[in-house]
Each structure stands twice: as structure tokens, then as C-alpha cells.
Amino acid sequence: MSPPSPPPSGAVDLPALAERARAGDVAAFEGLYRALAGRVYALCVRMSGDRQRARELTHEVFVRAWEKVATFRGEAAFSTWLHRLAVNVVLERERGERRREAHEVGGLTGEDEDSPTMLRVVRGDEGDRLDLEAAIGRLPPNARAVFVLREVEGYRNDEIAQAMGIAEGTVRAHLHRARRLLMEYLS
């Protein structure tokens, strides 16, 4: 699967396409995909830190959107609904992978992301100059998700806490950690 192509030039009537897609019009849903796939892909790249994974997540978001488009009530813009769906898909995927990894190694080893081993992995090539996107990609998964949702997407701490199923204090801790690590990576 190649990265989503940009939408065709010209104005796209997203509300009309969303309404038709809600009624089961495949061509209208394809129009929504063409108009919004780039934004969803960019969000998935920022949240996952990996372009290949972001392609898979984008695909999953649109599959899920097609399955749920009939439930779209039109109370918010379709792009807002889709954005929220994308955030949930990324967070669900990361939670599932963490659970699967913990299960595969026979449970948690007690080593968390702050352990010296993880810090060595996260630091990688300290001498390299990194751009912000690469630095965000190096953040531990929870810190990266919180940072992107807060600083890039503009979510409030309570919204992030609800979406990730964690306490607001934990959101603040992940955000603080993300900012500290980014300062380290970019200095």
C-alpha cells in the first residue's frame, strides 16, 4: 500500500459526501478517503513514529470508518469524527501490541521505559542532528501519543486521559517526560 495521495484540486463538499456515504454510497466514501487520507496518515505518522505502520493504521482507520459511517450523526464535522476515530485506532493498536508483547515474554519484566536499558535504546546516536518529527518518533509510545495529542492536535488533558484510559496526572507526567526527552534529543 502506498501513502495516500493528496486530494484532487478544487473544493470538496465533505458534508454532502459524508451524508451520501452514510447512506451506503461507496463513491462518496471514496471521495472522503481522497480528501482526508493525507491528514489521517499524517496523524498516524506522528502518533506511531513509523511511516510503514502509519500506512497500515490509515488503512485500518478507513476500514473502521466504513464499518461505522452509518453511525455518524453529523453533530460534528466528518473530519472531526474521523480524526477522533483515527486517534482511537492508533491507541487501541498500541495497547493491543503492548499486551501481546507482555504476554509473549511471559509477563512484564519489571523494566519500564525509564530503565537504563530503555534510555540507552531511546538515546541511540546522540551525535546526530534530528528534526522534530524524528525526535517525536523516538519518544516512548505513551509519551509520544500524549505529546502529539496535546501539542500537535490540541486535545485537553482530560480528553487525552479519557482516550488513553489513564489518569490526568499520568497524562501530565507523560507530557513532561516527552518535553524533557525532546529537549535532550534536539540539543
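I looked up Tyr-33 to begin with: Tyr-33 is partly exposed, with a relative accessible area of 28%. The model is a predicted one, and I keep that in mind for every entry below.

Entry on Phe-62. I checked the burial of Phe-62 next and found a relative accessible area of 6%, so Phe-62 counts as buried, the cut-off being under 20%. Phe-29 is buried as well.

Entry on ring pairs. I counted the aromatic pairs and got six. For Phe-29 and Phe-62 I noted ring centres 6.2 Å apart and planes at 75°, so this pair is edge-to-face. Phe-29 sits in helix H2 and Phe-62 in helix H3, 33 residues apart, and the pair links distant parts of the chain. I then took Tyr-33 and Phe-62: their ring centres are 4.7 Å apart and their planes stand at 75°, so I logged this pair as edge-to-face too. Tyr-33 belongs to helix H2 and Phe-62 to helix H3, so the pair ties together parts 29 residues apart in sequence. Which residues do ring pairs link into a cluster with Phe-62? I listed Phe-29, Tyr-33 and Trp-66 beside Phe-62.

Entry on a charge over a ring. I found Arg-138 over the face of Tyr-185, at 4.2 Å from the ring centre.

Entry on the core. I turned to the largest nonpolar core, which has 51 residues. Met-47, Phe-78, Leu-82, Leu-91, Leu-139 and Leu-149 touch the most other members. I listed the elements that give two or more residues to this core, among them H1 (14-22), H2 (26-48), H3 (51-68) and H4 (78-104). H6 (132-138), H7 (141-152), H8 (157-164) and H9 (168-186) are also on that list. The largest share, 12 residues, comes from H2.

Leaving out residues up to four places away in sequence, Leu-91 touches Met-47, Ala-145, Leu-149, Ala-163 and Met-164.

Entry on H8. Ala-163 and Met-164 took me to H8, where both are buried, as are Asn-157, Ile-160 and Ala-161. Where do the buried residues of H8 fall, seen down the helix axis? I found them within an arc of 165°, so they line one face of the helix. I recalled that an α-helix has 3.6 residues a turn, so residues three or four places apart point the same way. The cover over the buried residues of H8 includes H4, H7 and H9. Last, I looked at what follows H8: Gly-165, with a positive phi near 70°.

Note on methods: Residues numbered from 1 in each chain as written. Predicted model: local features only at pLDDT ≥ 70, side-chain atom pairs only at ≥ 80, totals over all residues. Heavy atoms only, no water. Core = buried A, V, L, I, M, F, W, Y, C linked by side-chain atoms within 4.5 Å. Buried < 20%, exposed > 50% of the residue type's maximum accessible area, 1.4 Å probe, protein only. Helix = DSSP H or I, 4+ residues; strand = E, 2+ residues; numbered from the N terminus. Contact = heavy atoms within 4.5 Å. Arc of directions from axis to C-beta. Phe/Tyr/Trp six-rings, centres within 6.5 Å; stacked < 30°, edge-to-face > 60°. Lys NZ or Arg CZ within 6 Å of the ring centre and 35° of its normal.
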